Amino acid sequence: MGIKAALPKYELYFYTLVLSLAGLWAASWIFEASSANVNRKAFKESVKPGWHYFGRKMDVADFEWVMWFTKFRNHIVFALSGHVIFAKICSMAAPQVGLTILVQYCSYLYMVYGMLAVLATMGLTFTMLILSHCVLLYSVSLSKQKWLCFAAGLGSLATFKLEPFSSWQSGFVTGSFALQDVLFYGGSGFTIMRCMSFALENYEKKDGNYSFLELLKYNFYLPFFFFGPIMTFDRFHAQVNTPDLTRKEREMWNIRIQAVLHLAAIVVVDVLFHFLYILTIPSDMKLVRQLSDWSLAGLAYSNLVYDWVKAAVMFGVINTVSRLDHLDPPQPPKCITMLYVFAETHFDRGINDWLCKYVYDYLGGNHNNIVKELLATVCTFAVTTLWLGPCHVVYIWSFCNCFGLNFELWVAKFFELEPFASMEAKMSEAMSRRIRGMFNAANFWTIILYNVLALNSLDFANLVFKRLIITG
C-alpha cells in the first residue's frame, strides 16, 4: 500500500525514467544500425538538424510534439501567460472589490479574455463560426429533448470531421498563420463536445435553463479551448461558481512541483529525440525487420510510453494553469505500464469522462449485462470514431477496443459458472491472483498491440503482432 499510495505524486518522473531506460535497452542495436544508415529515406524525411553544438540531429516524426514546442510555443506561452497574469490581477483586486463580487464576475472576465485571444489568433470568421455552432446547440438545448441534443451535437461534429463539410467550413478561415488548420480542428472539435455537454446538462436541469452566457463562459475558457481536456459542464459550472477560493494545505507547493516535473519531462524527451530515434525507425520497415524480438518489443513499448509522457506533459501544463484558477481538471492519462483491462485504456481522461457520463454508463448501467454492455460499447466507440475522424486505422482500433471490453465481460461471466466458481472458491488467494494474472498478461499485450496500431502504421503493428505472438 505504501508504494501504491506514493506512486501518483511522482508518476510523471517515474515513467519518464521508464521511457528513457526502455528506449536505451531496446535501442542498443537499433541506433548503431541507424547511424550507419543515416542516408535512408525515412531518416532524411524525419530527422532534421537539432543541437548543432553537439552535432546531433533531431527526430521530428511526431508533428504534434514539434508543433507544440517550436511553432506553437510562442503563441501558447504568450496566451497562457496573459491568462495567468490576468487571473493574478483579479485575485489581487479581491480585497478592494470583495470576494463575492470577484467570484461572480471573474469567470466572465476569463470568457472575455478567451474570446479576445481566439479572435486575435484565428480571426473574426473562425470566432463567428464557433459562435454559430454554440447558438445552434444552445437553441436545441432549450427543447429539453436528449435525443435531439445528441443528434444535433453529432451532426455538428460530423461537419468538422467528414467531407465535404469539413473543407467547406475550414475554407472560411484563411490567413498566413501556419497553424490555423491545427487550431481550427482542435478548437472546433472541443467546442462541439462542450456544447453537447452543456445541452445534456441543461436537459437534466429541472427548473428553467442555463443562460447562453454560461455556455460561452464554459466554451471560451482559454486553457481548455484549443486542446482540452474536456471538463463536463456540471463540474465546470460548480467549480467556477464556488465561493470558496481558499487553497488546500500545500496546494501551491504541489502545483510548483508539477510544473517543475513537466519541465523536466520536456527536457528528457528533447534529449531522447536527439539520441534515440524511436519515432522514425518504425517507419522504415526494412530496418525494423532486422531487429531481434526483444528489440522490436522494446521499440513498440517505448513508443507507447512516450505517447503517455507527451499526453501527460501537454495536459499537465494546461491543468497546472487551470489549478491556479481554483479548478480541478481531469487527471493526466494513466500510463500504459499501469493498464491491464480495457475499461481503463484511455489516454484522454476528459474525453473518457464525457463518454462514460453521457454514453457508456448511461446505456450500460452497472456493466453486468452482456446485451447492455454490447450496446453501450458499440455506441461509445461509434462516437469515438467520429471524434477521432473516421479512417481505416480508427475503424480497426475502435473495433478491437470494443471487442476487448466485451470479451472481458464474457470471460468473467463464463468463469462465474459452475464448476469454475466452486474451483476458484477452493483455491488460495495467491493462486487465484496468479490465474487472473495470466489472463491480465494476455490483455496487457493486446492493449499494447492495439495502441501500437493507433500510434504507428498498420504494417509495423502487424509485424509486432507476428513476431511476438506467432513466430517470436
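Q: Which residues is Q239 in contact with, leaving aside its neighbours within four places in sequence?
A: Contact means heavy atoms within 4.5 Å, and with those neighbours left out Q239 is in contact with M231, L327 and D328. This is a predicted model, in which local features need pLDDT of at least 70 and side-chain atom pairs count only at pLDDT 80 or more, while totals for chains, interfaces and linings use all residues. Residues are numbered from 1 along each chain as its sequence is written, and side-chain values use heavy atoms, with hydrogens and water left out.

Q: In which helix does Q239 lie, and is Q239 buried or exposed?
A: Helices (H or I, at least four residues) and strands (E, at least two) are DSSP runs, numbered from the N terminus; Q239 lies in helix α14, residues 233–240. Buried means under 20% relative accessible area, exposed over 50% and partly exposed in between, with a 1.4 Å probe and protein chains only, so Q239 counts as buried at 19%. In the protein chain, which has 472 residues, buried residues make up 48%, and the secondary structure comes to 23 helices and two strands.

Q: How do helix α17 and helix α22 pack?
A: Axes are lines fitted to C-alpha atoms, for helices over the stretch in contact, and angles run from 0 to 180 degrees between N-to-C directions. Helix α17 (residues 293–324) and helix α22 (residues 429–455) pack at an angle of about 75°, with their axes 10 Å apart. Angles under 35 degrees count as roughly parallel, over 145 as roughly antiparallel, 65 to 115 as roughly perpendicular and the rest as oblique, and α17 and α22 are therefore roughly perpendicular to each other. On the α17 side the contact is made by A297, A300, Y301, N303, L304 and D307, and on the α22 side by F444, W445, I448, N451, V452 and L455.

Q: Where does UniProt place the feature "transmembrane region"?
A: UniProt positions are given in the numbering used here, feature names are shortened, and annotations may be inferred rather than shown by experiment. The unreviewed UniProt entry lists several such regions, including residues 220–238 and 437–458. Residues 220–238 are 53% helix and 0% strand, with end C-alpha atoms 16 Å apart, whereas residues 437–458 are 91% helix and 0% strand, with end C-alpha atoms 29 Å apart.

Q: How many disulfides does the count come to?
A: A disulfide is a covalent bond between the sulfur atoms of two cysteines. Here it is taken as a pair of cysteine sulfur atoms within 2.5 Å, and by this rule the count comes to zero. C379 is in no disulfide, and the nearest cysteine sulfur, that of C402, is 9.3 Å away. C379 counts as partly exposed because its relative accessibility is 28%, whereas C400 is buried at 13%.
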